[in-house]
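The sequence and structure are shown first.

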Amino acid sequence: MVFDKMSPIAIAEKIGERLKQARLNADLTQAEVASRTGLNRRTILNAEKGCVQLKNLVAILVSLGM
């Protein structure tokens, strides 16, 4: 995939998709990731849609061991 040909919104959405897939691969629910990170489930849902603050993204990635 060539990110330089994608819009920032498309890249954010793709990151969200990959984040969701990583969570599913780890066999975790959004609620479980939320509990691990101290964030709420809505924040996890938004992250998986590509709308997330950087500090929250980092917390989610750490909780998934990425």
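Are Arg-23 and Glu-48 buried or exposed? Both Arg-23 and Glu-48 are buried, where buried means under 20% relative accessible area, exposed over 50% and partly exposed in between (1.4 Å probe, protein chains only).

## Basis

This is a predicted model, in which local features need pLDDT of at least 70 and side-chain atom pairs count only at pLDDT 80 or more, while totals for chains, interfaces and linings use all residues. Residues are numbered from 1 along each chain as its sequence is written, and side-chain values use heavy atoms, with hydrogens and water left out.

## Helix α1

Helix α1 spans residues 8–25; helices are DSSP runs (H or I, at least four residues), numbered from the N terminus. Its 18 residues reach 26 Å from first C-alpha to last, close to the 26 Å expected at 1.5 Å a residue (1.5 Å times one less than the number of residues). Just after α1, Asp-27 has a positive phi of about 55°.

Gly-16, Leu-19, Ala-22 and Arg-23 are the buried residues of α1. They cover an arc of only 120° around the axis, so they lie on the same side of α1; the arc is that of the directions from the helix axis to the C-beta atoms. Their cover includes α2 (30–37), α3 (41–48) and α4 (54–63).

## Salt bridges

The whole structure has two salt bridges (a side-chain nitrogen of Lys or Arg within 4 Å of a carboxyl oxygen of Asp or Glu). Arg-23 pairs with Glu-48, the closest N and O atoms being 2.5 Å apart. This pair links distant parts of the chain, Arg-23 in α1 and Glu-48 in α3, 25 residues apart.

Glu-17 pairs with Lys-14 at 3.0 Å between the closest N and O atoms. Glu-17 is partly exposed, at 45% relative accessibility.

Terms used:
Helices (H or I, at least four residues) and strands (E, at least two) are DSSP runs, numbered from the N terminus. Contact means heavy atoms within 4.5 Å.
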